[in-house]
Amino acid sequence: MKKAQLKYRLEPLLVLKTRARKNAEIRLAQALARLEREKKQLKKLEEEKEAIIKRRKECRRELQDKMLAGQAHARDGSVRVNYLRKLEDDEKKKEQEIENQKQVIENCELMVKRARRDYIDAVKDLRVIEKHK
């Protein structure tokens with residue numbers, strides 16, 4: 001009967017440390033998942049920027065080809081120039097979005113570092129209590 005009555009006196013602390021470790025693990029997983037999502041978003045933005053650059057180069061080449069062949073009209077030239085300006089503006093906007101996304105990724109990386117540090121600390125605390133037990 002005495003064995004049934006023996007209870008680890010720091011059991012509540014052990015439970016708290018176990019919960020803290022699980023919560024830290026969840027926060028770390030969430031931070032890593034967010035970082036991965038943000039990196040995918042950056043890659044998508046970079047691909048969109050490359051597509052804009054490619055369209056701009058194609059449009060310029062087409063305009064030059066028409067001018068060399070003598071098929072270009074004044075109206076076509078002005079329309080294409082306006083289109084090229086729009087593409088250039090789009091490219092600048094994408095570049096700004098990419099820079100903003102890089103900032104978001106840096107923030108996410110900091111969050112991952114903090115979450116990793118918190119997880120390591122929680123595991124150490126739990127091990128100390130388990131060894132004491």
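**Figure 1. Contacts along the sequence of the protein chain.** Among contacts in this chain between residues at least 6 apart in sequence, 92% join residues at least 24 apart. The model shown here and in the other figures is predicted.

**Figure 2. Helices of the protein chain.** The chain has three helices and zero strands. Read from the N terminus, its elements follow the order α-α-α.

**Figure 3. Overall dimensions of the protein chain.** Along the principal axes, the C-alpha atoms fill a box of roughly 105 × 20 × 15 Å. The radius of gyration of the chain is 29 Å, whereas a compact globule of 133 residues would have one near 14 Å.

**Figure 4. Surface and burial.** The protein chain exposes about 10500 Å², and carbon and sulfur atoms supply 52% of this area. Of its 133 residues, 24% count as buried.

**Figure 5. Two cysteines, cysteine 59 and cysteine 108****.** Are these cysteines buried or exposed? Cysteine 59 has 5% relative accessibility and so counts as buried, because buried means under 20%. Cysteine 108, at 3% relative accessibility, therefore counts as buried too. A search of the whole structure finds zero disulfides.

**Figure 6. Charges of the protein chain.** How far apart are the mean positions of the positive and negative charges? The chain carries 39 positive and 25 negative charges, and their mean positions are 9 Å apart.

Note on methods: Residues numbered from 1 in each chain as written. Predicted model: local features only at pLDDT ≥ 70, side-chain atom pairs only at ≥ 80, totals over all residues. Heavy atoms only, no water. Disulfide = S-S within 2.5 Å. Buried < 20%, exposed > 50% of the residue type's maximum accessible area, 1.4 Å probe, protein only. Helix = DSSP H or I, 4+ residues; strand = E, 2+ residues; numbered from the N terminus. Rg over C-alpha atoms; globule rule 2.2 N^0.38 Å. Contact = heavy atoms within 4.5 Å. Areas by Shrake-Rupley, 256 points an atom, 1.4 Å probe, with all protein chains shown as cover. Lys, Arg positive; Asp, Glu negative; His and termini not counted. Charge placed at Lys NZ, Arg CZ, Asp CG, Glu CD.
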